[in-house]
Amino acid sequence: MNKINILWVDDEIDLLKPHILFLEARNYIVTKARSGTEALEEIDNKNFDIVFLDENMPGLTGIETLQEIKEKKANLPVVMITKSEEEYIMEEAIGSKIADYLIKPVNPNQILLSLKKNLDHSRLLTQKTTSNYQQEFRKIAMDLSSVNSYEAWVELYQKLLYWELRLEEIEDSGMFEILESQKSEANTQFCKFIDKNYPKWFDKNSDAPVMSHTLFREKILPQVTKGQPTLLVVIDNLRYDQWKTFEPILSGIYKKEDESAFFSILPTATQYSRNAIFSGLMPDDMSKLHPNLWLNDTDEGGKNMFEKEFLDAQLKRLGQNINYDYFKISSLKQGRKLVENFKAQKEKDLTVVVYNFVDMISHAKTEMDVIKELASTDKSYRSLTQSWFKNSPLLEMIQQAAQLGFKLIITTDHGTINVKNPSKVIGDKNTSLNLRYKTGKSLTYEDKDVLAAKDPKSIHLPSINMSSSFIFAKGDLFFAYPNNYNHYVSYYRNTYQHGGVSLEEMIIPFAVLVPR
């Protein structure tokens with residue numbers, strides 16, 4: 001390990017000899033400077049890892065020296081040391097991006113702690129995070145063998161995401177590979193859990209989680225009150241981990257009142273899950289009660305054209321007279337237009353905004369090489385969506401909503417998963433095209449790779465004809481036809497898809513926030 005070079009600037013540097021000997025005994029190299037001018041000369045001639053800078057010096061003051069240092073080497077950490085506790089000095093130093101702030105008299109251990117914090121932070125964080133995850137790994141492994149309720153699956157998935165985001169910070173590839181294998185095992189067990197329990201969730205009086213078709217009645221409606229404007233944002237395709245990267249961006253303007261997970265229905269695809277949210281019905285019931293609004297997979301036309309009509313019908317069925325507006329945003333131009341006119345929404349009890357950007361990223365990733373490069377992993381996919389959110393009309397809209405006193409609800413219709421492995425399937429020309437689920441008759445498939453619903457009505461899905469069935473891909477699999485198999489596989493592998501059974505697609509976020 002290379003020795004650390006410290007520049008210590010103090011007009012009474014000789015009085016600090018014990019501190020300097022203390023550091024040198026620990027293999028730090030300390031260069032002394034008696035003035036700001038001398039310090040700047042040293043910085044011109046030598047590379048330092050950190051500077052300890054006295055605030056109160058004759059000639060060039062500590063603050064003036066700090067500003068000059070930052071002009072020369074913006075990323076060089078500077079620790080300000082001062083006798084004064086006056087607030088304006090602290091504010092000026094902090095505003096100039098100091099790394100730390102110490103009040104005289106300082107003792108050697110304070111200096112050592114500051115060095116560790118600023119220079120060893122990354123190594124210490126890596127060691128601590130790795131050590132903590134190794135302990136947690138054993139607990140998660142034990143939990144995986146015994147998880148038997150939807151609440152426990154939500155908790156386990158949130159725990160895996162917590163560690164994924166922590167390990168991402170320290171960039172320990174070895175630990176990350178271990179986590180990835182644990183996530184893969186978790187998805188294997190989760191698919192077994194869904195296969196066994198999902199049909200039971202529709203039984204009368206069953207212990208079922210909040211799902212797409214019950215979300216509005218059970219979670220959204222209780223938040224809507226007369227005279228209190230509420231903004232409901234449904235971001236298509238938003239995974240739980242993406243929500244966790246958005247959350248800090250909102251923390252300055254909104255505080256979280258509630259956060260929970262709910263389960264997307266199967267298929268985890270927009271025409272099923274989002275229509276279920278707005279209609280309050282399962283797809284089989286939508287097709288029966290609203291045949292003019294529902295389209296099956298093989299029908300021509302857009303499958304999500306009537307969300308507002310579905311919501312009108314649900315509100316009427318629930319006896320709710322809510323003054324609301326509905327907007328669907330699928331382009332930058334539409335987003336900008338709503339931002340420009342957003343103040344008018346203050347008069348509404350509920351403003352519903354469906355935002356399609358994340359879905360567009362996942363489709364673009366499949367079709368555009370540049371997006372494939374930018375979102376090649378879950379980490380980069382999170383980063384891309386976070387960057388979009390920071391610069392989007394949606395964030396401007398939310399900022400306006402906070403200023404106007406809106407309550408904010410953020411949720412989604414389903415998640416998405418990076419598909420890695422193909423599974424062969426054969427169907428007739430009327431088989432649906434989605435890569436993560438198929439519906440049709442006479443489907444041939446690998447039993448071990450799918451969850452099959454031979455009687456769609458058992459899970460409240462419509463049958464296109466008498467012998468129709470549904471199959472859902474497990475984990476990170478995607479369906480591929482034998483014709484032109486290799487080209488098809490290479491084109492779709494490592495793209496983000498949805499419609500199947502995985503933690504990422506089914507366990508999705510619901511958050512309620514109030515203005516700060």
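Which side chains meet in a salt bridge with an N to O distance of 3.5 Å? They are those of Asp 143 and Lys 139, and this contact, like every other one described in these legends, is taken from a predicted model.

View 1. Asp 143 and Lys 139 both belong to helix α6 (residues 121-144), where they are four residues apart, about one turn of the helix. Asp 143 is partly exposed, with a relative accessible area of 22%, and Lys 139 also counts as partly exposed, at 39%.

View 2. Among the 34 salt bridges of the structure is the one formed by Asp 44 and Lys 72, whose closest N and O atoms are 3.0 Å apart. This pair links distant parts of the chain, since Asp 44 sits in helix α2 (residues 36-45) and Lys 72 in helix α3 (residues 62-72), 28 residues apart. Asp 44 is exposed, with a relative accessible area of 52%, whereas Lys 72, with 40%, is partly exposed.

View 3. The side chains of Arg 382 and Glu 164 meet in a salt bridge with an N to O distance of 3.2 Å. Arg 382 lies in helix α17 and Glu 164 in helix α7 (residues 150-170), so the pair ties together parts of the chain that are 218 residues apart in sequence. Arg 382 counts as buried at 1% relative accessibility, and Glu 164 is likewise buried at 1%. Through salt bridges that share partners, Glu 164, Glu 168, Glu 180, Lys 183, Arg 239, Asp 241, Asp 378 and Arg 382 are joined into one network.

**View 4. Packing of helix α10 against helix α17.** Helix α10 (residues 240-250) and helix α17 (residues 378-390) pack at an angle of about 35°, their axes lying 9 Å apart, and α10 passes α17 in a right-handed crossing. On the α10 side the contact is made by Asp 241, Gln 242, Thr 245, Phe 246, Ile 249 and Leu 250, and on the α17 side by Tyr 381, Arg 382, Thr 385, Gln 386, Trp 388, Phe 389 and Lys 390. Sorted by class, the residues of this contact are six nonpolar, four polar and three charged.

View 5. Five strands, in the order β2-β1-β3-β4-β5, form an open sheet with parallel pairing. Its edge strands, each pairing on one side only, are β2 (29-33) and β5 (100-103), and neighbouring strands are turned against each other by 20° on average, direction ignored. Strand β1 (residues 5-9) runs parallel to β2 and is joined to β2 by five bridges; Ile 6 has Val 30 in β2 as its bridge partner. Helix α5 (residues 108-119) packs on the sheet, where α5 touches β1, β3 (50-54), β4 (78-82) and β5, and the direction of α5 makes about 135° with that of β3. In the loop between β5 and α5 is Pro 105, which is joined to Lys 104 by a cis peptide bond with omega of about -5°. Asn 27, in the loop between α1 (17-24) and β2, has a positive phi near 75° and is partly exposed, with a relative accessible area of 49%.

**View 6. The loop between β7 and α11.** Pro 267 is found in the loop between β7 (254-263) and α11 (270-279), and the peptide bond from Leu 266 to Pro 267 is cis, with omega near -5°. Ala 269 has its place in the loop between β7 and α11 as well, and is buried, with a relative accessible area of 4%. Not counting residues up to four places away in sequence, Ala 269 touches Arg 274, His 414, Tyr 437, His 498 and Gly 499.

View 7. An open sheet of three strands has the order β14-β12-β17 and mixed pairing, with β14 (444-445) and β17 (477-480) as the edge strands. Strand β12 (residues 421-426) and β17 pair in the parallel sense over four bridges, and Asn 421 has Leu 477 of β17 as its bridge partner. Helix α19 (residues 485-492) packs on this sheet by touching β12 and β17, and the direction of α19 makes about 145° with that of β17.

Technical notes
Residues numbered from 1 in each chain as written. Predicted model: local features only at pLDDT ≥ 70, side-chain atom pairs only at ≥ 80, totals over all residues. Heavy atoms only, no water. Pairing = 2+ DSSP bridges. Helix = DSSP H or I, 4+ residues; strand = E, 2+ residues; numbered from the N terminus. Axes fitted to C-alpha atoms, helices over the stretch in contact; angles between N-to-C directions. Contact = heavy atoms within 4.5 Å. Left-handed = near helix turned anticlockwise from the far one by under 90°. Nonpolar A, V, L, I, M, F, W, Y, C, P; charged D, E, K, R; others polar. Buried < 20%, exposed > 50% of the residue type's maximum accessible area, 1.4 Å probe, protein only. Salt bridge = Lys/Arg side-chain N within 4 Å of Asp/Glu carboxyl O.
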